[in-house]
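Please read the following account alongside the sequence and the coordinates.

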Amino acid sequence: MLRSRTSSTSRNSVDFVIVGVIIMLLCLGIVMVYSASNVIAANKFGDPFFYPKRQLIWAILGIIAMFWFSRYDYHNLRKHASKIAIASFAMLVLVLIVGVNRGGSKAWLGIGSLGIQPSEFAKLGLIVFLAHMLCDAGERMQSFWRGFVPPLATAVAAVGLIMLEPDLGQSVVIMGTTLLMMFAAGTRMAHLGGFFGVGLLGFGGLVAAAPYRMQRVVAFLDPWKYPKDEGYQIIQSLYALGSGGILGLGLGNSRQKFMYLPEPQTDFIFSIIGEELGFLGGLSLLLLFGLLVWRGVRIAIYAPDEFGSLLGVGITGMIAVQVLINIGVVTGSMPATGITLPFISYGGSSLTLILSGVGILLNISKQAVFPHR
């Protein structure tokens, strides 16, 4: 079980390493959103700055939310954990009734291009609720029915609603984050291993139940067998990454953004980064994510209480899982799931909510008890 450590050294200032990493990621994201989307935006909207302008607005709102949450005592979240969970589930139900259909998924609430994605709220809300549920479980986590099933059932209920949209990518992130939190809380490995096996069977069933998911798996296994349909996107992504070489073609010099790679400013923005900035640019980005995850894990370990530890694990795990899935998809290492790259890809509610999560992490850091250096 994850336990916070005690020490005589407590830090009460903002973790400037995390803040610095976030600012660098956001700046890179806005630049790359422009570089990846200017051709498409100019053709579609007559404005090459259409996407980066909106990304900048969402980034500013997200930074405001991040600093607000960094000053908001995270212990108060536990007092409202049940209300947060109810609101999250209510939004997931509401989007199924009055949601806007985009790209074949009824996952948005809003009008036209203005909208929010309830599943993004649900991810963060579920982390808060699970941290509340798990932090006092203690030895009960060794029990299958009293410790393992309740938090898992909560996550499965949320995933069930999200799959009705449908959105497989968000579902995978939620389940991955939930399992990390349960592991940190002391769940038996035998229970996690058994669920992993059942989960693989369930994932296979979900893939088989929807033709478009089966097509993605087929394209993952052999994209060049279907170069004009199911395998098209991953082939274009690999062309982009391969043509970048070590140093890249130069910022703004992508070829794949000229209508070859669909929506390059969202799920496949890392492909454009690899093409324009090369292997070294992509590696530098991954090192920034690695530094962010390391600081998050450190904060979780030295949080002053178990609620803070589990909250830190959940937020850090959510970011790490999402990065791994996105990079896995664009490099052809796993089937396409439609997950954005945190802080980099174009997106409104996803950017604002993940920055809110970072703000909570910063507040935990303020109250953490770190060892002497």
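Residues are numbered from 1 along each chain as its sequence is written, and side-chain values use heavy atoms, with hydrogens and water left out.

The predictor's confidence in each residue is given as pLDDT, on a scale from 0 to 100. For the protein chain the mean pLDDT is 87, and 91% of the residues reach 70 or more. Where pLDDT is low, the predicted coordinates should not be read in detail. Helices and strands here are DSSP runs numbered from the N terminus (helices H or I, at least four residues; strands E, at least two).

Two packed helices are described by the angle between their axes and the distance between the axes. The axes are lines fitted to C-alpha atoms, for helices over the stretch in contact, and the angles run from 0 to 180 degrees between N-to-C directions.

How do helix H4 and helix H6 cross? The axes of H4 (residues 81-98) and H6 (residues 144-163) come within 9 Å and cross at roughly 20 degrees. H4 is therefore roughly parallel to H6; angles under 35 degrees count as roughly parallel, over 145 as roughly antiparallel, 65 to 115 as roughly perpendicular and the rest as oblique. The crossing of H4 with H6 is left-handed, a term for a near helix turned anticlockwise from the far one by less than a right angle, with right-handed used if clockwise. Phe89, Leu92, Val93 and Leu96 of H4 meet Thr154, Ala157, Ala158, Leu161 and Ile162 of H6, where contact means heavy atoms within 4.5 Å. By class, this contact of H4 with H6 has eight nonpolar residues, one polar and no charged. Ala, Val, Leu, Ile, Met, Phe, Trp, Tyr, Cys and Pro count as nonpolar, Asp, Glu, Lys and Arg as charged, and the others, Gly among them, as polar.

In the second pair, the axes of helix H5 (residues 118-134) and helix H13 (residues 349-367) come within 9 Å and cross at roughly 15 degrees. H5 is therefore roughly parallel to H13, and H5 passes H13 in a right-handed crossing. Glu120, Phe121 and Leu124 of H5 make the contact with Ser349, Ser350, Leu353, Ser356, Gly357 and Ile360 of H13. By class, the contact of H5 with H13 has four nonpolar, four polar and one charged residues.

Ala240 lies in helix H10 (residues 232-244). Ala240 counts as buried because its relative accessibility is 0%; buried means under 20% relative accessible area, exposed over 50% and partly exposed in between (1.4 Å probe, protein chains only). Leaving aside neighbours within four places in sequence, Ala240 is in contact with Gln256, Ser271, Gly274 and Glu275.

The loop between H10 and H11 holds Met259 and Glu263. Met259, although not a glycine, has a positive phi of about 70 degrees, and phi of Glu263, also a residue other than glycine, is positive and near 45 degrees. Met259 counts as partly exposed at 45% relative accessibility, as does Glu263 at 37%.

Elsewhere, the peptide bond from Glu165 to Pro166 is cis, with omega near -5 degrees. Pro166 is in the loop between H6 and helix H7 (168-185).

Key. Predicted model: local features only at pLDDT ≥ 70, side-chain atom pairs only at ≥ 80, totals over all residues.
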